[in-house]
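Look over the sequence and the model before reading on.

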Amino acid sequence: MEMRIVIADDSKFMRKFLRRIIEKAGYNVIAEAEDGEHLLKIIKEISPDIVFLDINMPNLNGLDALKELKKLKPHIK
């Protein structure tokens, strides 16, 4: 089973850096988000297995995005 991975970070450099590491390890990044609001839209559409989440992001920071994500997907730990 292929893991669906999303990277959420406001820094394009960090998203590219993480993507390179993840893909070099043999996994596939299916989406990237530049802020928490964009991440929540992605979560609703594709329901990823793993999210790499930055804490400091504009519009909706990582901690608040995680709270909302847990409301959408209560099984997330």
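How many aromatic pairs does a search of the whole structure find? The search finds one. Phe 13 and Phe 17 form this pair, and their rings are stacked. The centres lie 6.2 Å apart, with 15 degrees between the planes. This is a predicted model.

Both residues sit in helix H1, residues 12–24. They are four residues apart, so about one helical turn separates them.

| Residue | Relative accessible area | Class |
|---|---|---|
| Phe 13 | 58% | exposed |
| Phe 17 | 36% | partly exposed |

The length of H1 can be checked. At 1.5 Å a residue, its 13 residues should span 18 Å. The end C-alpha atoms are 18 Å apart, which agrees. Gly 26 follows H1 and has a positive phi, near 95 degrees.

Now turn to helix H2, residues 36–46. Its buried residues are Gly 36, Leu 39, Leu 40, Ile 42 and Ile 43. They cover an arc of only 160 degrees around the axis, so they lie on the same side of H2. Lys 41, Lys 44 and Glu 45 are exposed on the other side.

What do the buried residues of H2 pack against? Their partners are strand E1 (5–8), strand E2 (29–33), strand E3 (50–53) and helix H3 (62–72).

The ends of H2 complete the picture. Asp 35 caps the N-terminal end, with a side-chain oxygen 3.1 Å from the backbone nitrogen of Glu 37. Just after H2, Ser 47 has a positive phi of about 45 degrees.

Methods
Residues numbered from 1 in each chain as written. Predicted model: local features only at pLDDT ≥ 70, side-chain atom pairs only at ≥ 80, totals over all residues. Heavy atoms only, no water. Phe/Tyr/Trp six-rings, centres within 6.5 Å; stacked < 30°, edge-to-face > 60°. Helix = DSSP H or I, 4+ residues; strand = E, 2+ residues; numbered from the N terminus. Buried < 20%, exposed > 50% of the residue type's maximum accessible area, 1.4 Å probe, protein only. Expected span 1.5 Å × (residues − 1). Arc of directions from axis to C-beta. Contact = heavy atoms within 4.5 Å. Polar contact = N/O pair within 3.5 Å; in protein donor to acceptor, adjacent residues only side chain to side chain.
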